[in-house]
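User: I have a model to go through with you. Please take my questions one by one.
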Amino acid sequence: MMRRIIVPLAAGTIFGAGLTIGGMTNPARVRGFLDLFGDWDPTLAFVMGGAVMVMALAWMVQRRMRRPVFAEGFSLPDRNDLTPRLVGGSALFGIGWGFAGLCPGPGFAALAIAPASAAIFVAAMLAGMLAVRLMEGHG
Amino acid sequence: MTLPGFPDAAPLAGLAGGVMIGLAAAIMLLGAGRIAGVSGIAARAFGLADSSMPRIAAWAFVIGLPLGTLVATSLTEAPAPGFATPATLAIAGLVVGIGTRLGSGCTSGHGVCGMSRLSQRSLVAVATFMATGFATVAAMNALGLEVLP
């Protein structure tokens with residue numbers, strides 16, 4: 001029971017700290033990166049580069065493991081098909097991301113910096129997720 | 001340290017933050033056997049997605065995010081960043097929520113976890129949301145739309 005909570009809690013906490021140290025809870029930094037044709041701020045590329053480098057190593061380790069350290073097995077996405085839904089959804093996400101300079105991780109993390117603003121973003125995001133779920137016919 | 005040509009960029013802080021995000025995602029992968037995709041985990045926590053992840057684990061991850069930010073901000077003296085107006089945040093949040101569910105992921109799941117394993121779906125997703133992100137900011141700038149204080 002405890003390890004089911006400790007591992008994701010530790011991961012989420014380090015993730016949130018990393019987002020803030022990397023400047024990603026500052027919408028101006030994020031929009032600065034997306035302002036490719038204007039006053040471009042490459043900081044986000046360093047954040048993404050650092051994270052991808054570490055995770056590339058983690059995937060190499062993962063391939064040599066039979067099971068995760070604190071769970072019975074790996075539960076990983078295995079789809080490889082490119083669908084209109086994937087592209088259309090990602091396109092929409094990019095529009096929302098550029099609009100206010102927030103994606104889901106920094107949205108939750110920013111609850112610790114600007115609770116009112118972040119709560120509006122998070123609530124609207126959850127409403128959007130609920131809308132997709134209802135459209136798909138789930139309760 | 002500053003980057004030549006980009007006086008406002010923070011490459012070292014960015015890299016340090018990125019390495020921490022990578023470590024966090026590695027802990028999820030090697031510890032719990034799961035992808036640290038924030039949109040999917042958040043949807044699971046709030047009962048908006050079917051997943052084998054225990055809801056309590058999803059909640060623990062989501063609660064960790066602001067907790068980590070709280071620790072990081074208490075250790076540094078950076079000025080508080082500015083956020084968009086409530087109306088802008090609401091529209092942006094709605095679009096992000098719909099888009100990440102349809103697209104099965106966001107900057108963390110597709111960007112950090114998917115790109116690093118060279119997932120074809122994630123590479124296409126990242127290229128797509130980067131492109132529309134660039135286009136959105138460019139269009140808003142062309143129209144003179146300022147959203148941040």
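User: Among contacts in chain A between residues at least 6 apart in sequence, what share join residues at least 24 apart?
Analyst: The model is predicted. Chain A reads α-α-α-α-α-α along its sequence, with six helices and zero strands. Of its contacts between residues at least 6 apart, those joining residues at least 24 apart make up 39%.

User: On the side of chain A that touches chain B, how many residues are nonpolar?
Analyst: Contact joins 104 residues of chain A with 103 residues of chain B. Helices α1, α2, α3, α4, α5 and α6 of chain A each supply at least two residues to that side. Its residues include 27 polar and seven charged, and the nonpolar ones number 70.

User: Why is helix α2 of chain B largely enclosed by the rest of the structure?
Analyst: α2(B) spans residues 38-45. Its buried residues include B:Ile41 and B:Arg44. The cover over them includes α5 and α6 of chain A, together with α3, α4 and α5 of chain B.

User: Which residue with a positive phi follows α2(B)?
Analyst: B:Ala45 is one of the buried residues of α2(B). After the helix comes a residue with phi near 70 degrees, and that residue is B:Gly47.

Conventions: Residues are numbered from 1 along each chain as its sequence is written. Chains are lettered from A and ligands numbered from 1 in the order in which they are written. This is a predicted model: local features need pLDDT of at least 70, side-chain atom pairs count only at pLDDT 80 or more; totals for chains, interfaces and linings use all residues. Two residues are in contact if their C-beta atoms, placed from the backbone, lie within 7 Å. Helices (H or I, at least four residues) and strands (E, at least two) are DSSP runs, numbered from the N terminus. Ala, Val, Leu, Ile, Met, Phe, Trp, Tyr, Cys and Pro count as nonpolar, Asp, Glu, Lys and Arg as charged, and the others, Gly among them, as polar. A residue is buried if 20 or more other C-beta atoms lie within 10 Å of its own, exposed if 12 or fewer, and partly exposed in between; C-beta atoms are placed from the backbone.
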